[in-house]
Amino acid sequence: MTKEHKKSKKRRRSEVDDNEEEKKTGKKGEKKEKKEKLLEKSRLKPKNPFYTYKIELYVSIPPIYSGSPMKGVEYYLDTMILNYFPDIQGIMLAYRNCEFIEEAAKIYYESPFAFSWVRFEMLVWKVKRGDYLEGIINMQSPSHIGLLVSGFFNASIPKNGIPKTWFYQEIMSQKEVEQNKNGYWIDEDKKVIKIGDRLSFWTVKLETIGDIVSIEGRIQNEKMYK
């Protein structure tokens, strides 16, 4: 065997060894990346969207409540429940500990209404884009996953917000069709996603129209999964 032939064999062996090393390094890198993602997800905790604020408000009291003005204030505050307040950037859910700031209400000109400053604690549901929330799945379809957040507000995760490693399983058997069963999503770990399951997601869009709140989310955080 010539020296050149021996050198050629050594080069080939070296190339094979390098390729094997690259494969091993690549696999290690993939495993490390998966571990980092799982670790990052385990550190995440869904946000508590409930806040309490102390509010001072100038209210009008209808004349029918002139004998019991606090009931008039409560009537006024009741009309504010489930309304969105831009200043607080949240939705009022409830109130408590309401009290008058002034000793007496004021009546202006010939108005039958009395006016007074009151102080109370307001319970607010407050969510913004980028918040990590948790909801209960109440609907599944090939186009989206529907959830109920905080037991009251609807959220939707469209198909483009669902990981590409998930797939939608259509109903196949006649028996399931007769039982009015629907299809379901299956995640990357082959776990079936069921109605009633808890699912955490990132808030992408939040729209409020009166007391109607619409939340759009995605299961993966773009920054985490790039």
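Buried means under 20% relative accessible area, exposed means over 50%, and partly exposed lies in between, computed with a 1.4 Å probe on protein chains only. Ser-150 is an example of the middle class, for its relative accessible area of 33% makes this residue partly exposed.

Good morning. The structure shown above is a predicted model, in which local features need pLDDT of at least 70 and side-chain atom pairs count only at pLDDT 80 or more, while totals for chains, interfaces and linings use all residues. Residues are numbered from 1 along each chain as its sequence is written, and side-chain values use heavy atoms, with hydrogens and water left out.

Let me stay with Ser-150 for a moment. Ser-150 is placed in the loop between strand 6 (144-149) and strand 7 (153-158). Helices (H or I, at least four residues) and strands (E, at least two) are DSSP runs, numbered from the N terminus. The phi angle of Ser-150 is near 60°, a positive value in a residue other than glycine. Tyr-109 also has a positive phi, near 55°, and is not glycine either. Tyr-109 belongs to the loop between strand 3 (90-100) and strand 4, and counts as exposed because its relative accessibility is 84%.

Is Ser-116 buried or exposed? At 1% relative accessibility, Ser-116 counts as buried. Ser-116 is found in strand 4 (residues 114-125). Contact means heavy atoms within 4.5 Å. Neighbours within four places in sequence aside, the residues in contact with Ser-116 are Leu-57, Tyr-58, Val-59, Phe-100, Glu-102 and Ala-105.

Helix 2 (residues 69-78) has Gly-72, Val-73 and Leu-77 as its buried residues. Viewed down the axis of helix 2, these residues fall within an arc of 135°, so they line one face of the helix; the arc is that of the directions from the helix axis to the C-beta atoms. The cover over the buried residues of helix 2 includes strand 1 (50-61), strand 3 and strand 4.

Now to the aromatic rings. A pair of aromatic rings is described by the distance of the centres and the angle of the planes. Rings of Phe, Tyr and Trp (its six-membered ring) pair if their centres lie within 6.5 Å; planes under 30 degrees apart count as stacked, over 60 as edge-to-face and the rest as tilted. By this rule there are ten aromatic pairs. In one of them, the ring centres of Tyr-132 and Trp-202 are 4.6 Å apart and the planes are at 45°, so the pair is tilted. Tyr-132 lies in strand 5 (residues 132-140) and Trp-202 in strand 10 (residues 198-209), so the pair ties together parts that are 70 residues apart in sequence. Tyr-132 and Trp-202 are both buried. Elsewhere, ring pairs link Tyr-58, Tyr-108, Phe-115 and Trp-117 into a cluster.

The next topic is charge. Side chains of opposite charge can pair when their charged atoms come close. A salt bridge is a side-chain nitrogen of Lys or Arg within 4 Å of a carboxyl oxygen of Asp or Glu. How many salt bridges does a search of the whole structure find? The search finds eight. Lys-47 forms one with Asp-131, where the closest N and O atoms are 2.6 Å apart. This pair links distant parts of the chain, 84 residues apart: Lys-47 is in the loop between helix 1 (3-43) and strand 1, and Asp-131 is in the loop between strand 4 and strand 5. Lys-47 is partly exposed at 21%, whereas Asp-131 counts as buried at 7%. Together with Lys-128, Lys-47 and Asp-131 are linked in a network of salt bridges.

Arg-198 and Glu-134 also meet in a salt bridge, at 3.0 Å from N to O. Arg-198 in strand 10 and Glu-134 in strand 5 are 64 residues apart.

Two strands pair if DSSP finds at least two bridges between them. Strand 7 and strand 11 run parallel and are joined by three bridges; Ser-156 has Glu-216 of strand 11 as its bridge partner. Strand 10 and strand 11 run antiparallel, joined by seven bridges, and Glu-207 stands opposite Ser-214 in strand 11. Thank you.
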